[in-house]
Amino acid sequence: MAIRRKKTGAISAARVVIIAVVAASILKMFVIDLVIVRGESMSPTIGTGTVALVARCAFGIRSPLSGRYALRWAEPLPGDIVLVDPAPAGSRRAIKRVFETGPAFMRAESGILAARGGSVPLGPFSSSKLAGTTYVPAGRAFLTGDNGGSSFDSRDYGSVPIETIAGKV
């Protein structure tokens with residue numbers, strides 16, 4: 001006759017902790033994420049120190065290894081506030097507003113850039129760089145911060161691949 005041992009509570013608790021950690025990791029990678037905003041580029045809409053909830057699955061499911069979309073069901077629209085993975089050299093993840101998505105043309109006139117996302121002022125450097133008509137190619141987005149005076153955005157580095165948009169805030 002075999003003797004059966006009762007499972008102890010420690011084994012069940014360890015199992016619950018492991019399942020909870022795996023579930024939380026999956027949620028963070030694919031569904032939702034929390035980020036702490038640093039900087040004033042989106043002020044007054046989102047101030048520094050704000051905890052922002054990011055819907056990582058708003059536009060599709062991204063591969064955690066490549067960072068590219070494995071499955072995409074939507075694209076960001078002008079006016080959406082998004083979390084962007086580092087695209088330009090030396091930058092960090094950033095929260096910006098989608099000003100335009102390609103393929104589209106934007107028009108710069110008298111220090112103002114106009115497109116479907118409305119209009120934003122251009123600084124002296126941006127005015128010469130974006131003078132006249134600017135084309136945003138397909139698969140790319142032109143991103144701006146709400147506080148143009150302190151925002152390092154597409155007015156400085158140009159449009160970014162939509163693949164770098166990690167989710168919607």
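The structure is a predicted model, in which local features need pLDDT of at least 70, side-chain atom pairs count only at pLDDT 80 or more, and totals for chains, interfaces and linings use all residues. Residues are numbered from 1 along each chain as its sequence is written, and side-chain values use heavy atoms, with hydrogens and water left out. The protein has three helices and 13 strands; helices (H or I, at least four residues) and strands (E, at least two) are DSSP runs, numbered from the N terminus. Of its 169 residues, 33% are buried, where buried means under 20% relative accessible area, exposed means over 50%, and partly exposed lies in between (1.4 Å probe, protein chains only). Among contacts with a separation of 6 or more, 52% join residues 24 or more positions apart; a contact means heavy atoms within 4.5 Å.

- Strand β8 (residues 112-115) pairs with β9 in the antiparallel sense over four bridges, and Ala115 stands opposite Gly118 in β9.

**Strand β5 and its partners**

- Strand β5 (residues 81-84) is covered on both faces: Ile81 and Leu83 on one side, and Val82 and Val84 on the other, are all buried.
- β5 and β6 run antiparallel and are joined by four bridges; Ile81 stands opposite Arg97 in β6.
- β5 also pairs with strand β13 (residues 165-168), in the antiparallel sense and over three bridges. The bridge partner of Val84 in β13 is Ile165.
- Gly167 is found in strand β13 and counts as buried, at 0% relative accessibility.
- Leaving aside neighbours within four places in sequence, Gly167 is in contact with Ile81, Val82 and Leu83, and also with Val54, Ala55, Arg56 and Phe59.
- Gly167 and Asp85 are 82 residues apart in sequence, and their C-alpha atoms are 9.4 Å apart in space.

- Ser154 lies in helix α3 (residues 154-157) and is buried, with a relative accessible area of 1%.
- A polar atom of the Ser154 side chain lies 2.9 Å from the backbone nitrogen of Leu143. A polar contact is a pair of N or O atoms within 3.5 Å; within protein, one must be able to donate a hydrogen and the other to accept it, and residues adjacent in sequence count only if both atoms are side-chain atoms.
- Apart from neighbours within four places in sequence, Ser154 is in contact with Ala141, Phe142, Leu143 and Ser159.
- Arg155 is also found in helix α3, and at 4% relative accessibility Arg155 counts as buried.
- Polar atoms of the Arg155 side chain lie 2.9 Å from the backbone oxygen of Pro121 and 3.3 Å from the backbone oxygen of Gly145.

**Aromatic rings**

- There are three aromatic pairs; rings of Phe, Tyr and Trp (its six-membered ring) pair if their centres lie within 6.5 Å, and planes under 30 degrees apart count as stacked, over 60 as edge-to-face and the rest as tilted.
- The rings of Phe99 and Phe142 form a tilted pair because their centres are 6.2 Å apart and their planes are at 55°.
- Phe99 lies in strand β6 (residues 94-101) and Phe142 in strand β11 (residues 140-144), so the pair ties together parts that are 43 residues apart in sequence.
- Phe99 and Phe142 are both buried.
- The charged end of Arg62 sits over the ring of Tyr69, 5.6 Å from its centre; this requires NZ of Lys or CZ of Arg within 6 Å of the ring centre and within 35 degrees of the ring normal.

**Backbone features in loops**

- Most residues other than glycine have a negative phi, and most peptide bonds are trans.
- The peptide bond from Ser43 to Pro44 is cis, with omega near 5°; Pro44 lies in the loop between β1 (32-36) and β2 (51-55).
- Gly102 and Pro103 are joined by a cis peptide bond, with omega about 0°, and Pro103 lies in the loop between β6 and β7 (104-109).
- Ser110, although not a glycine, has a positive phi of about 55°. Ser110 is found in the loop between β7 and β8 and is exposed, with a relative accessible area of 76%.

Note on methods
Pairing = 2+ DSSP bridges.
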